[in-house]
Amino acid sequence: MVDFKKIDTMIEYIEEGTIPGDKTFNQFAIEFYLETKTLTLSKYIRLKGKSSKLPKIMNTKKAGEVLFDTEKSDEIKSFLSRKGFKVTPELNYTSIMLLRKVDLFSNWQKLLFFFEGGRTVQEINSSLKKDLLPMEIEKLETYIKEELRLNEQELNWLLDKIQKIEHNKALHKAIKKLTK
């Protein structure tokens, strides 16, 4: 049975960016995951009016899931050991912002990039983005064409110009000033 009072207390800790004094972050995240596993957490958070902290709360749940699954995976434990971590590394509220709904191995690769230092969460997330699948590209193109009422030729022209703007900082700044 779901203990909503316990979940609410745990959400308060997450909102404050703290953990209970008698637990490590990893223990807290696993406990939070196990408590909320059967709950549609995003809907519950919105009902409680706490949607401003939704990413942090959802990522804490994801961290618990990653840590819980890591404990059951000899392959991931072996991978971490080869990377110099004899025990599962202790996560924190910053490192969990790297976690996504991908496989366990990919999540740990990103976390280890973070622990090695020198790169921010944003830099790591940007550098590891996968290319879009053809189906995803088609869906996005259709959406853009419908929203902007463009034909194929106009869409190609627009994408070409946007790419030039993104790669030319001076041009990007000039356009930004004009569109304010």
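**A helix and its surroundings**

Modeller: Let's start with helix 4, where L54, K56, I57, N59, T60, K61, K62, A63, G64, V66, L67 and T70 are buried. Buried means under 20% relative accessible area, exposed over 50%, and partly exposed in between, using a 1.4 Å probe and protein chains only. Helices are DSSP runs of H or I with at least four residues, numbered from the N terminus. This is a predicted model, so local features need pLDDT of at least 70 and side-chain atom pairs count only at pLDDT 80 or more, while totals for chains, interfaces and linings use all residues. Residues are numbered from 1 along each chain as its sequence is written, and side-chain values use heavy atoms, with hydrogens and water left out.

Biologist: What covers the buried residues of helix 4?

Modeller: Contact here means heavy atoms within 4.5 Å. On that basis, the cover includes helix 1 (4-16), helix 2 (25-36), helix 3 (41-47), helix 5 (74-82) and helix 6 (104-116).

Biologist: How many Å apart are the end C-alpha atoms of helix 4?

Modeller: The expected span of a helix is 1.5 Å times one less than its number of residues. Helix 4 has 19 residues (54-72), so it should span 27 Å. That agrees with the model, where the end C-alpha atoms are apart by 27 Å.

Biologist: Are helix 4 and helix 5 roughly parallel or roughly perpendicular?

Modeller: Axes are lines fitted to C-alpha atoms, for helices over the stretch in contact, and angles run from 0 to 180 degrees between N-to-C directions. Angles under 35 degrees count as roughly parallel, over 145 as roughly antiparallel, 65 to 115 as roughly perpendicular and the rest as oblique. The axes of helix 4 and helix 5 come within 5 Å and cross at roughly 95°. The two helices are therefore roughly perpendicular.

Biologist: Which residues of helix 6 does helix 4 meet?

Modeller: Helix 4 and helix 6 pack at about 110°, with axes 11 Å apart. From helix 4, the residues involved are K62, V66, L67, D69 and T70. Their partners in helix 6 are L104, N107 and W108.

Biologist: Is N107 buried or exposed?

Modeller: N107 lies in helix 6. Leaving aside neighbours within four places in sequence, N107 is in contact with K62, V66, L98, L99, R100 and V102. Because its relative accessibility is 0%, N107 counts as buried.

Biologist: Which residues does S95 touch?

Modeller: S95 sits in the loop between helix 5 and helix 6, and is buried, with a relative accessible area of 0%. Not counting residues up to four places away in sequence, S95 touches L111, F114 and F115.

Biologist: What is the phi of R149?

Modeller: R149 lies in the loop between helix 8 (134-148) and helix 9 (152-167), and is exposed, with a relative accessible area of 75%. Most residues other than glycine have a negative phi. R149 is not a glycine, yet has a positive phi of about 55°.
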